[in-house]
Amino acid sequence: MSKVPRRIIFEWTSASSLFSILLLIASTILIQLFLLQYLVNRGLEFKLFIIDGLAIPYLYFPLIGFVAVMLSSWMYLTEKRATILAKPGTNIPIMILPVKMLETAFILLCMLTGLLFLPYVLGSNWMLGISFSIQSSIPALKTAITGFYESFSSLMGLTPIMKFFFSNFISFLIIACTAILIGRKSRRRIQRR
């Protein structure tokens, strides 16, 4: 008997959905706060906005947008990946729902962490030492490594606020585009069968 595409119906208010949403929101905020702390230690100005005695840092305002992008990407991917191949008449295991939701949250959080911190890891003194030791041991890579770090040094010379803006803008743009591509690819593959 052949397998046919079957749609899983998600209950967005179920315990597994709410747990995935809270995990995604908390992790996104923690990753952003870690990046902010990193950049503040390297010269990013930390100004406060005071409302009725409550002091809120200006840099915390974009967190709402970052969380919105992550949640919308998570909802889109979870919904698009909700079609599975199963034999007609078989019951879909109930554990597929939480696994699909957590898997999507994990993919998005890994992408966010990698995209936000990779430029800073590549520009660190530790990575520079490793790349130049590779360059001295493998001379064929000398022009590639030197060219990469010459172009990369101009980006690392930006002001901390521009680094914060570009890191977040490019990271969230890539996450949203990747979510759209993964969602379209999985839907197209199932429709062909």
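Predicted model: local features only at pLDDT ≥ 70, side-chain atom pairs only at ≥ 80, totals over all residues.
**View 1. Packing of helix α1 against helix α2.**
Helix α1 spans residues 15–41 and helix α2 spans residues 63–80; the two pack at an angle of about 140°, and their axes are 10 Å apart. Because angles over 145 degrees would count as roughly antiparallel, this pair is classed as oblique. The crossing of α1 with α2 is right-handed. On the α1 side, the contact is made by Ser17, Ser20, Ile21, Leu24, Ile25, Thr28, Ile29, Gln32 and Leu33. On the α2 side, the contributing residues are Leu63, Phe66, Val67, Met70, Leu71 and Trp74. Sorted by class, this contact holds 11 nonpolar and 4 polar residues, with no charged ones.

**View 2. Packing of helix α1 against helix α3.**
Helix α3 covers residues 96–122. The axes of α1 and α3 come within 9 Å and cross at roughly 5°. Angles under 35 degrees count as roughly parallel, so α1 and α3 are roughly parallel to each other. Their contact comprises 17 nonpolar and 7 polar residues, and no charged residues take part.

**View 3. Packing of helix α4 against helix α5.**
Helix α4 (residues 125–137) meets helix α5 (residues 142–156) at an angle of about 155°, with the axes 9 Å apart. Since the limit for roughly antiparallel is an angle over 145 degrees, α4 and α5 are roughly antiparallel to each other. The crossing of this pair is left-handed. From α4, the contact involves Met127, Leu128, Ser131, Ile134 and Gln135. From α5, Lys142, Ile145, Thr146 and Tyr149 take part. The contact residues divide into 5 nonpolar, 3 polar and 1 charged.

**View 4. The largest pocket and its lining.**
The largest pocket holds about 270 Å³ of space. It is lined by 14 residues, of which Pro119, Leu155, Phe166, Ser167 and Ile170 are the closest to the pocket centre. Helix α6 gives the most, with 6 residues. By class, the lining has 11 nonpolar residues, 2 polar and 1 charged.

Definitions and conventions: Residues numbered from 1 in each chain as written. Heavy atoms only, no water. Axes fitted to C-alpha atoms, helices over the stretch in contact; angles between N-to-C directions. Helix = DSSP H or I, 4+ residues; strand = E, 2+ residues; numbered from the N terminus. Parallel < 35°, antiparallel > 145°, perpendicular 65-115°, else oblique. Left-handed = near helix turned anticlockwise from the far one by under 90°. Contact = heavy atoms within 4.5 Å. Nonpolar A, V, L, I, M, F, W, Y, C, P; charged D, E, K, R; others polar. 1 Å grid on protein atoms, 1.4 Å probe; cavity = no way out; pocket = protein on both sides within 12 Å on 5 of 7 lines; lining within 4 Å. Points joined across faces, edges and corners; volume = space filled by probe spheres on them.
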